Amino acid sequence: MSHSKIHLSDIAQRPRWMTSWERLKHKEAHWFVEMAAEMVCPGFWLPFPLLTDMPRVVWGVSLRLLRSVRMTSARFPHSRSPFGNNGIGSLYTVGFAYAMGVVFAISLCAATSGGHFNPAVTLSSVIFREFPVRKAARYIFAQVLAGYLTCLIVYVQWKDLLVVAEKVLIEKGLYESVMFSSSGPAGVFGLYVAPGTNLGRVFLNEFVTDFLIGLVIWGTLDPTNQMIPPAAAPWLVGMAYAVAVWGYSPTAIAANTARDVGGRLMAMTIWGSNASGGTYAAIAALTNIPATIFAALIYELFLGSATRTLTSHHIHFLRAHKQYYEDNKLAPYGYLEGLNPQRGQSESFESDLGEKQRESRIETVEAFGGRV
């Protein structure tokens, strides 16, 4: 049975200027609104891990000044601070911040842009979901720009303490060895590995981690997956990133081209070419793209199926999306036509009629003793 549609404007009075903006954003400015969603939402999730990691770096540099000891481990597990035995900014808090940031971003902005926030997801959608190439280019530009601007904003927020930390490193003669490392101030924004690290193993770690994240993402996008309703998707993707941070980041992971390239460009803007990251920069920026595409391929070949039926949760979710696009003339005629309630009713009627005809034929055959 079809239900009458109810718009928000039917129950909540909107100011006149908002009504005018609604008309504009659903026509000429719709492309800009989608880009804004891809930019604004990384602005939600990216600062959380940066801000939770910042105290670790600042406090660690302070320990070098106060105790005059040689460089300690990246997160100072044996050092005491005013915030407790392990201080602020542990591997756990960074992973948890990533998880919650991803949940907030997808929950708030996915309805507008689809919630890509990652060039690898956008490119995979081009290959497997016929996502428009021109729109993909806009999305990727917006994602990288968001990473750059967000890191720049966080730097300005913490600049006073970061400048002090730099001075401490210079005074102790540790600037060259610590500044552009995972335990240095630049390491909060750009991603680095220790000198002498085997880059082959770093690449393998990055590829495997990104493959697993991509598999989770593609599973949450499958409307026939009975175990994952749309409302659970942000939490599952967020937890996938958290597990990646907890289990694989000590070796070094990037997991998102927009995060890595945006953050590295910002670090180079502040500290110059020394913040480029060397050969590792290519691994961090590019590995997640083929890994995510490979994950999507594996899911489509072995885990997904076009012959499965959509779940009721996904049907309601997609019908609301379809209605929005149709009402605002954002999609061509026939968009998601299979979701039309009339079609479902017609098919149900034809199915019932066919079943009754089969039952009638069986009864006729039985009545004549199995002779046709």
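This report walks through the fold, some helix contacts, the aromatic pairs and a few individual residues of a predicted model.

## Ground rules

Since we're looking at a prediction, local features need pLDDT of at least 70 and side-chain atom pairs count only at pLDDT 80 or more, while totals for chains, interfaces and linings use all residues. Residues are numbered from 1 along each chain as its sequence is written, and side-chain values use heavy atoms, with hydrogens and water left out.

## The overall picture

The chain has 15 helices and zero strands. Helices here are DSSP runs (H or I, at least four residues), strands are E runs of at least two, and the numbering starts from the N terminus. Of the 372 residues, 40% count as buried; buried is under 20% relative accessible area, exposed is over 50%, and partly exposed is in between (1.4 Å probe, protein chains only).

Now for the contacts, meaning heavy atoms within 4.5 Å. Among those in the chain with a separation of 6 or more, 73% come from residues 24 or more positions apart.

## H7 against H11

Helix H7 (residues 133-171) and helix H11 (residues 257-271) have axes that come within 8 Å and cross at roughly 45°. An axis is a line fitted to C-alpha atoms, for helices over the stretch in contact, and angles run from 0 to 180 degrees between N-to-C directions. H7 and H11 are therefore oblique to each other; on this scale, under 35 degrees is roughly parallel, over 145 roughly antiparallel, 65 to 115 roughly perpendicular, and the rest oblique.

On the H7 side, the residues involved include Gly147, Tyr148, Cys151 and Leu152, and their H11 partners include Gly262, Gly263, Leu265 and Met266. Sorted by class, this contact of H7 with H11 has eleven nonpolar, five polar and two charged residues. For that tally, Ala, Val, Leu, Ile, Met, Phe, Trp, Tyr, Cys and Pro are nonpolar, Asp, Glu, Lys and Arg are charged, and the others, Gly among them, are polar.

## H13 and its neighbours

H6 and helix H13 (residues 288-303) have axes that come within 9 Å and cross at roughly 40°, and that makes H6 oblique to H13. H6 brings residues including Val121, Leu123, Ile127 and Phe128 to the contact, and H13 brings Ile289, Ile293 and Leu297, among others. By class, the H6 contact with H13 has nine nonpolar, three polar and two charged residues.

The buried residues of H13 are Asn288, Ile289, Ala291, Thr292, Ala295, Ala296 and Tyr299. What covers them includes H6, H9, H11 and helix H12 (280-286).

## Aromatic pairs

Searching the whole structure turns up 14 aromatic pairs. Rings of Phe, Tyr and Trp (its six-membered ring) pair if their centres lie within 6.5 Å; planes under 30 degrees apart are stacked, over 60 edge-to-face, and the rest tilted. Phe203, Phe207, Phe211 and Phe294 form one aromatic cluster.

Phenylalanine 128 and tryptophan 218 make an edge-to-face pair, at 6.0 Å centre to centre with 70° between the planes. Phenylalanine 128 lies in helix H6 (residues 119-129) and tryptophan 218 in helix H9 (residues 199-220), so the pair ties together parts that are 90 residues apart in sequence. Phenylalanine 128 is partly exposed, at 24% relative accessible area, while tryptophan 218 is buried, at 1%.

## Positive phi and buried polar side chains

Most residues other than glycine have a negative phi. Glutamate 130, though not a glycine, has a positive phi of about 55°; this residue lies in the loop between H6 and H7 and is exposed at 74% relative accessibility. Alanine 252 also has a positive phi, near 110°. Alanine 252 sits in the loop between helix H10 (233-248) and H11 and is buried at 8%.

Alanine 252 is touched by asparagine 205, along with Tyr248, Thr251 and Ile253, not counting residues up to four places away in sequence. Asparagine 205 lies in helix H9 and is buried at 13%. Lysine 322, in helix H14 (residues 312-327), is buried at 5%. Beyond four places in sequence, lysine 322 touches Tyr335, Leu336, Glu337, Leu339 and Asn340.
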